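Subject: Structure handover and findings

Dear colleague,

Please find the structure below. My notes on it follow, starting with a single residue and ending with the contact between the chains.

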Amino acid sequence: MSSITLNAVTKRFGDLTAVDQLDLEIENGAFVALLGPSGCGKTTTMNMIAGIETLTSGEILFDGDRLSGVRIQDRNIGFVFQNYAIFTHLSVYKNLAYGLEVRRLPRAEIDRKVKAMAERMSITHRLNESAASLSVNEMQKLAIGRSAVTEPRIFLLDEPLSNLDAGFRAYMRAELKVLQHSFGQTMVYVTHDQVEAMSLANKIAIIDKGKLMQYGAPLDVYNDPDNRFVANFVGSPSMNLLDGHLEQVGNDAVLRLAEGSEFPLPPTVVAAFAKEAGAKEGVLGIRPQDIYVGPARAEDDRSISAEVDVIERVGPKRQLHLRIGKHDLRAIDDAAEVRPGERITVSVKASGCLAFSATDGRRLRATAGGARG
Amino acid sequence: MAEIRLEGLTKRFPSFTLGPIDLTIHDNEFFGIFGPPSSGKTSILRAMLGLLNPDEGNILINGEDVSGVSVDRRNLAMVFQNLALFPHMTGRENITFPLTEAGLPTSEVDSRLDRVAEVLHVAHILHKQPGQMSGGERQRIALGRAFVREPQAFLLDEPIAALDARLREEMRVELKRLQRENDHTFVYVSHDEEEVLSISDRVAILLDGRVAQVGPPDEIYDRPISLAVAQLVGSPPINVFSCELIDGGSKVKLVECDLTLPAPPQLAGQKNISCGVRPEHLLIDAGQTEAIKGTVVATEPLGGFTIIDASVGGKLFKLRLTGQPKIAEDEVLSVVPDPEQLHFFGEEGQRL
């Protein structure tokens with residue numbers, strides 16, 4: 001068990017700054033996901049926590065102590081990688097026992113721990129088989145079990161599920177959650193898949209270009225993104241983000257999109273944009289779930305005409321790709337009977353509209369600390 | 001543009017037999033092939049392309065048997081998962097490679113390149129090498145190399161599987177738009193059911209080398225032909241309960257959750273019935289006395305929806321609720337299935 005503190009951690013590779021002044025406080029027993037696109041620096045960050053990579057500047061503390069002088073093997077950290085590092089020339093049993101044998105535990109204790117872990121991973125019946133005979137799914141299960149059996153105080157997982165097929169991935173997600181529940185380890189989980197991050201972690205650190213964009217509980221990050229990047233990255237299907245000029249047409253405030261269409265703005269968003277004095281441009285964010293087909297159902301909701309472009313089935317839902325001028329607007333509305341090519345009226349929920357700065361993508365809020373608006 | 005027809009296509013491998021497969025892919029169709037790993041998806045594409053000689057059966061392109069026709073004369077383009085771009089060539093050279101190889105005149109190569117660059121929005125990256133491009137850009141260059149040949153049809157083998165989750169969502173709509181705007185025939189293979197179902201006009205579900213069901217995505221999702229298809233399509237997967245007919249067959253009891261429902265007529269005389277209910281068709285209704293009393297084991301709040309794991313009689317089942325309901329672990333929920341959305345399957349797994 002251990003807390004981890006990153007203070008202004010920076011890593012440069014030549015001219016490239018992979019991780020830039022990153023601050024992060026990972027509490028004891030937390031399950032934290034490092035989430036971001038390929039090349040954002042999430043794996044580099046994890047490697048520095050592990051001690052595989054040195055820091056250019058900044059410091060990492062474990063329970064308040066610096067570990068820079070401590071050898072990797074003495075840090076008591078468990079790893080699981082994307083390409084399950086298991087010994088294919090050894091039996092499943094030997095793979096599970098390896099970490100314990102290295103630590104010179106008594107044979108009886110090793111046996112007890114290996115069997116308990118095999119039971120947990122439901123691979124008891126395969127203990128004596130060669131690890132090479134396992135399926136891809138079982139190999140990853142074994143890789144996780146092999147790390148967990150040594151009961152590390154920190155567990156680091158680098159995209160451990162990305163090689164697995166969809167069904168097994170969902171199953172392993174649940175399994176990992178149970179594992180963390182029962183051991184109470186501090187877990188750091190690297191992924192580019194926001195669904196994985198949302199469903200597994202207590203807290204998500206969203207990283208872009210080596211910088212921390214937001215750190216918080218999954219639903220807080222989803223409901224109340226601090227900036228445009230987070231708004232776009234978290235949530236599936238992703239949030240609509242419309243760039244335009246802020247204008248007044250008669251009594252109505254609108255966002256004039258690049259090719260001239262007028263997107264009407266609810267009052268809450270107008271108030272949020274007003275917070276940035278003198279701004280002529282703005283970015284409007286709306287989740288597809290907050291757009292419905294038909295005229296406005298509430299006073300503050302706003303309506304616009306759009307053409308149905310593509311209809312996608314996303315799981316049990318139907319996602320409409322709508323065209324407003326040249327802009328794509330995604331909406332989820334199951335009740336609607338629409339066809340591609342049709343021109344329809346859609347409305348946006350006022351409570352679902354978020355405002356972002358056009359200059360730096362910062363979230364603009366109507367009231368300080370207000371959850372939405 | 002082309003219609004592709006498979007008639008009794010069979011290929012025997014040492015430990016696996018593909019087929020016999022009968023399929024017709026219509027002209028200008030976005031046709032998806034979906035199945036679990038090693039169900040034979042890629043082999044079908046390879047047979048169409050001519051890289052795999054079937055043991056039996058015929059492949060017809062626009063009504064013409066192509067059995068003896070070599071790969072380069074079938075005029076089909078394939079896009080692979082690992083893209084297979086030349087790392088030392090620029091985007092432009094990668095795209096035009098098939099044309100320069102075929103010895104087309106420079107003017108023709110240039111005009112085709114211009115057209116492809118406009119359709120795929122790659123004009124700004126043509127001078128870069130693959131190593132300098134993002135995953136999505138490399139993907140578009142690989143598509144460009146297929147497009148520039150102006151083939152009769154495109155065969156795509158998990159073309160976006162290697163991309164980040166977010167980019168995949170964007171690319172798949174892009175592919176659909178391309179196919180529709182240019183009236184192409186696409187045969188699209190993937191092991192990601194959401195991806196295939198979201199963009200295909202029709203989908204073939206492949207199980208153990210055989211076609212289990214063919215139809216539009218809605219039909220496959222809403223009326224799966226067998227238990228196996230029902231379990232393959234949908235995430236989280238469909239809940240399956242075992243059933244018993246009671247009261248002389250007028251009622252059906254879902255055994256694990258001790259819920260009795262009126263039995264539809266088609267259940268009469270059936271044995272070992274199972275009932276499938278999709279997670280989004282289990283509704284919370286505190287007012288119902290006849291309900292599944294499920295204890296919440298875990299919750300997965302995903303923002304737009306929430307997945308609840310609950311247990312009843314030692315069996316785990318899942319609910320998919322819209323929005324962000326406040327539900328705590330260990331809470332006991334009264335759950336009723338939407339009576340319109342029950343799937344019954346017989347002893348052999350066939351839909352009843």
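A:Ser147 is buried, because its relative accessible area is 11% (buried means under 20%, exposed over 50% and partly exposed in between, with a 1.4 Å probe and protein chains only). This serine belongs to helix α4 of chain A, residues 136-148. Helices (H or I, at least four residues) and strands (E, at least two) are DSSP runs, numbered from the N terminus. Leaving aside residues up to four places away in sequence, A:Ser147 touches A:Gly78, A:Phe79, A:Val80, A:Pro152 and A:Phe155, where contact means heavy atoms within 4.5 Å.

Before the rest, some notes on the basis. The model is predicted, so to read it: local features need pLDDT of at least 70, side-chain atom pairs count only at pLDDT 80 or more, and totals for chains, interfaces and linings use all residues. Residues are numbered from 1 along each chain as its sequence is written, chains are lettered from A and ligands numbered from 1 in the order in which they are written, and side-chain values use heavy atoms, with hydrogens and water left out.

Chain A

Chain A has 9 helices and 21 strands. Its C-alpha trace spans about 80 × 45 × 35 Å along the principal axes. Of its 373 residues, 53% count as buried. When contacts between residues at least 6 apart in sequence are taken, 66% of those in chain A join residues at least 24 apart. Chain A carries 44 positive and 47 negative side chains, and the centres of the two sets lie 4 Å apart. Lys and Arg count as positive and Asp and Glu as negative, while His and the chain ends are not counted; the place of a charge is NZ of Lys, CZ of Arg, CG of Asp or CD of Glu.

Chain B

In chain B there are 9 helices and 20 strands, and its C-alpha atoms fill a box of roughly 80 × 45 × 35 Å along the principal axes. Buried residues make up 52% of the 352 residues. Chain B exposes about 15,200 Å², of which carbon and sulfur atoms supply 48%. It has 34 positive and 51 negative side chains, with the centres of the two sets 2 Å apart.

B:Leu316 sits in strand β18 of chain B, residues 315-322. This leucine counts as exposed because its relative accessibility is 54%. Not counting residues up to four places away in sequence, B:Leu316 touches B:Val297, B:Ala310 and B:Ser311. B:Val297 is 19 residues from B:Leu316 in sequence, and the C-alpha atoms of the two are 8.5 Å apart.

Between the chains

The contact takes 37 residues from chain A and 31 residues from chain B. About 2,900 Å² is buried between them, 47% of it from carbon and sulfur atoms; buried area is the accessible area (1.4 Å probe) that two parts lose on being put together, summed over both. B:Asp164, B:Arg166 and B:Arg177 supply 21% of the area that chain B buries against chain A, more than any other three residues.

There are 8 salt bridges between chain B and chain A (a side-chain nitrogen of Lys or Arg within 4 Å of a carboxyl oxygen of Asp or Glu). One salt bridge joins the side chains of B:Arg177 and A:Asp309, at 2.9 Å from N to O.

Regards

Methods: Accessible areas come from the Shrake-Rupley method with a 1.4 Å probe; for residues, only the protein chains shown count as cover.
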